[in-house]
Each structure stands twice: as C-alpha cells, then as structure tokens.
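Subject: Handover of a structure

Dear colleague,

Please find below the structure that I am handing over to you. I would be grateful if you could read the notes that accompany it.

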Amino acid sequence: ADGDAAMSGFLVGASGLGFSAGICAGRLVWQAAPARWLHALIVLSPLANALLYGGLALLLLGHRGAAVLPGLLGLRLATGFFEGMDQLLQYLVRDVTPAREQVRVAVLEYTAISMGTGLGPLLSAGLHSDAGGGDGASALAQAAALSAAVAALCAASAVGLSLAVPSCMEGLREPEGEEVLGVDLGPAVRLGRRRPLLVLLCLAAVLLGTAIAAAVEVTTSLILQLDAGWGRQAVGAGIGGILCAAGLAGSAMVAVREAGLVGDVALARSALLAAGAGAGLLLTGSSSLALPADFALYPAVVCLSACAEGLAFEAASPRSAFSMPNLVLASNLLDGPAKAGVPPLGRHVFAEGGMRAYAFTIVVGLAAMAGAYEFAAWLMRRAAPAAGSPEKGWSESKRGEGGEYIAELECEMPRRLEIRETRCGKGIFACEPIRQGQILYTARFWLIDDTPGKVLLTAGGREFVLTVTEHFPLLCPGCREMGEIDCFTNHSCDPNIFYDNIRYASDRMGDYDIYALRDIAAGEELTCNYFLFDWDCLEKQITRCLCGAANCMGSISGFKYLPLKVALSKLGEAEPYTRNAFLAEHPEVRYLDLGRGAGLTAVRLGEEEGGAWAMAAGRDCRPGAVLYEGTCLLVDEGAPAFVACNSPVELAPGVWRP
C-alpha cells in the first residue's frame with residue numbers, strides 16, 4: 001500500500017512536468033501561429049490524447065508487465081504535455097469573455113475539471129477488485145478497457161471541439177457595435193498602479209489552492225490506506241467522490257451567483273468557512289475523519305482558487321505584462337510545479353510527522369490563501385466603487401464640481417511628442433522630425449456609454465481632467481470612445497496623421513496604432529480629421545473651422561452631416577463604428593473592403609465630379625499574377641444605389657492607409 005501511494009505521487013508529478021512544458025508550448029503557438037491554424041491546433045490535443053490512451057490499452061493487453069510502469073510514466077508526461085497544449089482553448093475562451101464574466105467562467109472551468117478528474121477514480125474503483133481472487137492478467141485487461149474508454153472520450157472531445165470552435169479566428173474578438181453599449185468601465189480602467197499587486201495576490205492564492213488540492217488528493221489516499229486500512233477500490237471511490245463533490249460545489253456556486261443571491265466575495269468567504277471546517281477536522285488527528293474533512297476542504301479550496309483566478313483575469317490589461325494570454329500562462333505555470341512537487345512533499349510531511357503535521361501544513365497554506373484573496377478583493381473593491389457612493393482613494397482636491405470621476409487613466413508620454421497649449425486648447429506636437437508612414441505611438445481606448453462625467457488622466461507625470469462629452473468622440477448613437485492623450489489631438493481638414501490596426505482585447509476595450517500620413521517637421525502639431533470618428537459632434541460642434549487648409553470644410557458637425565458623395569469618399573477611412581452607423585442610416589449604400597495589397601483600384605473616367613469610375617490595376621503585375629483574392633459582395637439587382645470600395649494605399653513598407 002505504501003508503494004501504491006508513493007507511485008501515485010510520482011505519476012501525478014510526471015503529469016505536472018508534462019503540463020508545464022505543454023502550456024509553454026501552447027503560449028508560443030498562440031502568439032506565433034496564424035489564425036487559420038488555431039482550429040486544427042485546438043483539436044489536436046484531445047486527438048493526441050486519444051491516440052496515447054489507445055496505445056496504452058494495446059500495451060496493457062499485450063501483458064508486457066515490465067513495460068507497463070515506464071509506459072505509464074511516459075503516458076503521464078505526454079498526456080500532461082497535450083493537456084498543457086489544450087490551454088489554446090482557454091486562451092480563446094478568455095479572450096472572448098467580458099471582464100465581468102471572468103469569475104463565472106473560472107468557476108465553470110474548475111467545476112468541469114473536477115468532475116472529469118473525479119470520474120477517473122470512480123471508474124477505476126468500479127473495474128478493479130481488492131479481493132485476492134483476481135489475477136494480474138485480469139487487472140491488466142480491466143485497465144486496458146478503462147484506457148480504451150478514456151481514448152474514446154478524448155476522440156469524442158476532439159469531434160465536439162472541431163464542431164464548436166470557429167474554423168476561422170480572424171476578427172473573432174471584434175464586437176459588432178451594439179454589444180458594447182450598457183457596460184461599465186471595468187477594473188482594467190480603474191486599477192491603475194494597483195493592478196500588479198492585485199494580480200500577484202490572486203496568482204499566489206491560485207498557487208496555494210492548487211498546492212493544497214494536490215496534497216489532499218495524494219495524502220488522503222495514503223491516510224486511508226495506511227491508517228484506515230482501506231483497499232484500492234474503496235480509496236478510488238473516496239477520492240473520486242471528493243473530486244466530484246468539488247464539481248457539484250462549483251455548479252451550486254454558479255447557480256447561486258446567477259440567481260443574484262450573493263456576490264463573488266460572499267461566495268468565496270463561504271468557501272473559506274467550509275475549508276476552515278474541513279481543516280479543523282483534520283487537526284483532530286483522527287484518520288476516520290480524514291474523508292469527511294476532505295469533502296469540506298477540497299471543494300472549498302477549488303472554488304476559492306477559481307474565484308482568485310477569475311479576479312486576476314478580470315484585471316487583465318491588453319498589450320502589457322498583464323495581458324490575458326500572459327495571465328493564463330502564469331496561472332497554468334503555477335499549476336504544473338504544484339502538481340509535480342507538492343504530492344511528494346505532502347507524503348513526506350505525513351510520513352515524518354503524522355496526520356497532525358499534515359493538517360497543520362494545510363491550515364497554514366489555507367490561511368495564507370485566504371489572506372491573499374481578501375487583500376486582492378479589497379483592492380478590486382477600491383477600484384470599483386458602488387453606484388452613487390464616493391470613490392475611495394481620491395483626495396477632495398481632485399474632485400470636479402460636476403461629480404465624481406468615472407475613471408482614472410495613466411499612460412506614458414511618447415518621447416517624440418509633447419502636449420502644448422494652442423488657440424484651440426491643448427494640442428500634441430512633434431519634438432523631432434517624423435517620416436511618412438512612421439508609427440507615432442499605440443493608443444488604448446475603452447467604449448463607454450454616452451453619459452456625462454469626468455476622467456482623470458495622468459500622462460508623463462502631468463494630470464489632466466477630461467470631460468466625456470468634450471474629449472471623447474461619439475462613435476455611434478449611445479457609444480463614446482474614451483482614450484488617453486489622443487483626445488488632445490486637434491482637427492484639420494488636411495490632417496497629418498491617421499489611425500489603423502484597431503485591435504479589441506474584449507467587447508469594450510482595445511488599442512490602435514497612430515501613423516504619420518506625411519512627413520511631419522519638428523515643432524509641427526499633429527492633426528486628425530474629426531469627421532472620421534465623430535458620428536455627431538453635438539456640443540463639440542465647431543461652427544467655424546480654423547485649420548486653414550485649402551480643402552477646409554468650414555465647420556465640423558460630424559460624419560452624420562457630410563454630403564452623401566463626400567461621406568462615400570471617406571467611408572473607408574472612417575472608424576468602424578462610425579461607418580456602421582452610416583450604413584445603418586443609408587441602406588442604399590454597400591461597403592466592400594478590398595484589403596491590403598489588393599491589385600485593384602478605381603480611377604475616374606473624365607474630369608467631371610459626377611463622372612463614372614472604372615476598375616484599374618493597383619500595381620504592376622506579371623502575366624498570371626493574382627489581382628484580387630478576398631471577399632465578394634452580392635447585391636440584389638437594382639437594390640443598392642452605391643457600392644463604396646476601400647483599397648488601402650501602402651505609404652511605407654507594411655504601413656497601409658485606408
């Protein structure tokens with residue numbers, strides 16, 4: 001029995017080592033693999049495990065006793081690796097999940113894992129016999145049947161994923177416009193300098209929870225075998241029951257949360273109380289109470305770990321060390337070492353100090369886990385004040401007369417740029433010459449409701465108070481884009497910068513790149529065309545434009561009020577939300593994006609303004625070259641009056657202007 005328990009620890013450890021390698025490989029694949037490959041790579045992991053378990057079944061049926069143990073160790077390493085690679089699916093799910101739903105998704109994920117892991121010991125207990133009547137060949141045949149069943153489940157999972165996961169991931173994270181309305185700003189905006197500490201605390205809680213759960217799985221089986229005299233069948237049933245109980249507890253937590261009875265913090269504290277009760281039973285030192293203790297302890301620790309992980313993902317920030325993929329990688333990297341190192345350590349503590357020493361170790365880990373989670377939850381509460389209540393942590397001198405700040409933003413000032421005063425308010429100026437097509441900086445944005453409020457922006461050590469209606473453009477009815485220093489960019493009808501590469505990290509936030517439309521001299525002000533992203537300027541309307549450009553429009557009221565022919569000529573350059581708002585109001589217009597590098601363009605026939613257009617080659621082409629390969633636009637005969645086509649122009653290598 002002692003050897004059985006020790007071997008189970010080594011097998012779990014081998015799985016943890018493989019898992020650590022797999023998640024590192026998965027992160028590299030997620031970063032580097034083309035989007036069109038992701039579907040196949042996500043399906044690959046369960047398919048590979050199906051083949052591995054099928055191979056184990058054949059190995060066991062061959063009665064190669066000497067090869068079974070190395071085969072088992074190799075299997076746990078390989079299946080652990082592909083389990084780690086399976087985190088590609090987690091990257092996908094986390095990326096498309098709104099921040100406010102991250103805790104729920106984490107609890108559902110932990111619930112599914114616990115239920116699936118618990119079925120293994122239960123099935124093993126049902127197939128294996130502790131009685132001495134069975135021979136080794138019979139046991140190997142039963143194990144082979146179980147391995148074949150697992151292989152079938154993995155194959156079914158691969159089929160399910162192939163049907164459920166989108167075959168093309170391009171643009172999957174981009175919202176459809178209406179989905180962004182009615183959401184709050186989220187902690188990613190409000191956390192500021194508190195984000196690193198909050199994330200580290202959550203990851204520490206996840207590490208401690210994973211370590212406690214791994215120790216419970218292995219050490220409890222050891223206690224039941226050595227102290228209570230249980231056989232393998234009974235131990236398998238007991239451990240499987242504990243794991244399934246964690247799944248049921250997670251399901252109950254999600255149900256209670258969905259019913260709106262309590263919040264995440266209250267549920268986590270309930271889990272802490274249950275875990276404390278289980279640890280108290282372990283401290284009695286009675287082996288007969290080990291299983292009841294773990295029925296309270298294990299599910300509570302798993303649920304608390306899920307809450308901590310979800311809290312960390314809720315605080316994710318794109319294009320930073322705390323981006324969603326990096327946090328997924330970090331949480332899973334913690335899982336691997338915990339599974340690899342803690343089971344042998346738990347067995348050693350139990351062997352040297354007995355059940356009380358093991359229980360004391362669990363209590364210490366549980367206390368540290370509770371402290372880390374409570375501190376992280378407190379930081380999150382500071383970043384998300386209750387509606388109608390003052391936001392904590394803000395000095396009275398920073399409160400505007402119009403009410404509380406709705407957000408606190410912080411960013412670095414690009415070294416080549418500076419903010420100066422102009423006759424039109426603040427503006428952004430170049431500190432050095434900038435070439436056409438050169439990227440100036442990457443700006444973050446958040447989509448917010450069109451409601452009045454003020455925002456505190458700290459840029460390069462300077463503080464600015466921004467007004468929602470004055471500084472943030474109305475992209476479409478009901479939705480504004482809250483940005484950082486880009487809100488100081490003034491208008492010109494002949495601008496010298498443009499925006500491209502809009503990336504969405506969630507349904508309400510993302511970033512974009514800002515490029516030089518032409519050469520910009522040192523000391524020259526950066527200007528953009530407000531018409532391209534202001535659907536309706538409302539109170540920002542400029543009745544007399546002062547840009548002085550030869551093609552000056554005279555006034556700025558928003559894309560909504562442009563003459564139809566002018567709007568059509570600018571449709572490719574317009575911000576996507578503004579473009580969609582225009583298309584919704586003009587069903588007679590269809591839009592087709594030819595994409596970058598298209599070999600097609602359009603030229604006007606004749607000099608008159610209303611002249612016809614003809615298709616032309618966009619670049620020199622050799623015989624047989626592909627001119628265009630992409631989306632087609634099917635229209636009913638006589639339905640659309642106009643089709644607006646966007647054929648981007650390459651200003652510099654890899655830089656395209658719509």
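This is a predicted model: local features need pLDDT of at least 70, side-chain atom pairs count only at pLDDT 80 or more; totals for chains, interfaces and linings use all residues.

Residues are numbered from 1 along each chain as its sequence is written, and side-chain values use heavy atoms, with hydrogens and water left out.

Helices (DSSP runs of H or I, at least four residues) and strands (runs of E, at least two) are numbered from the N terminus. Helix 10 (residues 264-283) packs against helix 11 (residues 290-314) at an angle of about 150 degrees, and their axes are 7 Å apart. Axes are lines fitted to C-alpha atoms, for helices over the stretch in contact, and angles run from 0 to 180 degrees between N-to-C directions. The two helices, helix 10 and helix 11, are therefore roughly antiparallel (an angle over 145 degrees). In their contact (heavy atoms within 4.5 Å), residues of helix 10 including A268, L272 and L281 meet residues of helix 11 including A293, L297 and L304. The residues of this contact comprise 16 nonpolar, one polar and two charged. Here Ala, Val, Leu, Ile, Met, Phe, Trp, Tyr, Cys and Pro count as nonpolar, Asp, Glu, Lys and Arg as charged, and the others, Gly among them, as polar.

Turning to the strands, an open sheet is formed by five of them in the order 7-8-4-11-10, with antiparallel pairing (two strands pair if DSSP finds at least two bridges between them). Strand 7 (474-476) and strand 10 (497-504) are at the edges with a single partner strand each, so one side of each has no neighbour in the sheet. Within the sheet, seven bridges link strand 4 (residues 439-449) and strand 11 (residues 509-516) in the antiparallel sense, and T442 has D513 in strand 11 as its bridge partner. Helix 15 (residues 576-585) lies across strand 4, strand 7 and strand 10, at about 50 degrees to strand 7.

Strand 5 (residues 454-459) and strand 6 (residues 462-467) run antiparallel and are joined by six bridges. L457 stands opposite F464 in strand 6.

Finally, an unreviewed UniProt entry places the feature "domain: Post-SET" at residues 541-557. The span 541-557 is 0% helix and 0% strand, and its end C-alpha atoms lie 5 Å apart.

Definitions and conventions. Angles under 35 degrees count as roughly parallel, over 145 as roughly antiparallel, 65 to 115 as roughly perpendicular and the rest as oblique. UniProt positions are given in the numbering used here, feature names are shortened, and annotations may be inferred rather than shown by experiment.
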